[in-house]
Amino acid sequence: MLHQEAKRLQHLVDDLFELSKMEEGKVSLSLEWIDLAEVIDNAVQKVQLKASDKGLILRASLNRSTAWVHGDGLRMEQVILNLLENSVRYTEQGEISITLGQTESYVFVAVKDTGIGISEDELPYVFERFYRVEKSRSRQHGGTGLGLSIAKKLIELQGGEIFVSSKLGEGTTFEIRFKLEEQGGSI
Ligand SMILES: Nc1ncnc2c1ncn2[C@@H]1O[C@H](COP(=O)(O)OP(=O)(O)OP(=O)(O)O)[C@@H](O)[C@H]1O
Ligand SMILES: [Mg+2]
């Protein structure tokens, strides 16, 4: 118990430190051209066990010929992992799917689940630090409510945007987009 609690506190301190560094512009990203399909493969591998332990199907549908994006591979994985972990945490049955695709103007990664969803009036706040939707506040879920604010900052630092849509009781979709013209043209 004590060990669990210490781990949770350490995690909280690390997250807060990371967030304040980002806000002071002191976080250094190591930018390179990255293949999102590869990043997603790694993140999916890491979350696979947690999903199957919960009886959830985890499906990846990746267009492997999307343009590479200029970003920090490890940070990108961190963000995608956070979205997938949220989906596993807030889904009791059904499936989680991750899609990589491209439109005329952007590359996108969408993480969709059939979980508890987020109500319309709480949706605008999920990216705020420490915000946790009422129902998920109980200890059983264990989070601190910093994951999404860190994710949003990291995506913006890499020139992208993050969106959420959700329906209470039906599920949630998070989508990350990177505009092609801001990526110095596609490869
Ligand atoms: N896929 C999802 N389905 C339903 N609710 C979600 C989902 N993702 C996030 N949420 C809600 O948004 C809140 C904020 O998410 P966030 O990832 O920032 O925090 P957390 O998961 O509670 O903690 P942590 O800091 O460990 O990530 C969550 O507490 C939860 O209420
Ligand atoms: Mg989280």
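Reply: The residue that follows α1 is G25, and its phi is positive, near 70°. This is a predicted model. Helix α1 itself covers residues 2-23, 22 residues in total. From its first C-alpha to its last, α1 reaches 32 Å, close to the 32 Å expected at 1.5 Å a residue. The number of buried residues among the 22 of α1 is zero, so α1 lies largely in the open.

Helices α2 and α3 can be described as a pair. The axis of α2 (residues 36-53) comes within 9 Å of the axis of α3 (residues 73-89), and the two cross at roughly 30°. Because angles under 35 degrees count as roughly parallel, α2 is roughly parallel to α3. Their crossing is right-handed. On the α2 side, the contact is made by V39, I40, N42, A43, K46, V47, K50 and A51. The α3 side contributes G73, M76, E77, I80, L81, L84, E85 and V88. Sorted by class, this contact of α2 with α3 has ten nonpolar, two polar and four charged residues.

A positive phi is also found at F130, a residue other than glycine, with a value near 65°. Most residues other than glycine have a negative phi. F130 is located in the loop between β5 (106-113) and α4 (147-157). With 11 other C-beta atoms within 10 Å, F130 is exposed, because a residue with 12 or fewer counts as exposed.

Key: Residues are numbered from 1 along each chain as its sequence is written. Chains are lettered from A and ligands numbered from 1 in the order in which they are written. This is a predicted model: local features need pLDDT of at least 70, side-chain atom pairs count only at pLDDT 80 or more; totals for chains, interfaces and linings use all residues. Axes are lines fitted to C-alpha atoms, for helices over the stretch in contact, and angles run from 0 to 180 degrees between N-to-C directions. Helices (H or I, at least four residues) and strands (E, at least two) are DSSP runs, numbered from the N terminus. Angles under 35 degrees count as roughly parallel, over 145 as roughly antiparallel, 65 to 115 as roughly perpendicular and the rest as oblique. A crossing is left-handed if the near helix is turned anticlockwise from the far one by less than a right angle, and right-handed if clockwise. Two residues are in contact if their C-beta atoms, placed from the backbone, lie within 7 Å. Ala, Val, Leu, Ile, Met, Phe, Trp, Tyr, Cys and Pro count as nonpolar, Asp, Glu, Lys and Arg as charged, and the others, Gly among them, as polar. The expected span of a helix is 1.5 Å times one less than its number of residues. A residue is buried if 20 or more other C-beta atoms lie within 10 Å of its own, exposed if 12 or fewer, and partly exposed in between; C-beta atoms are placed from the backbone.
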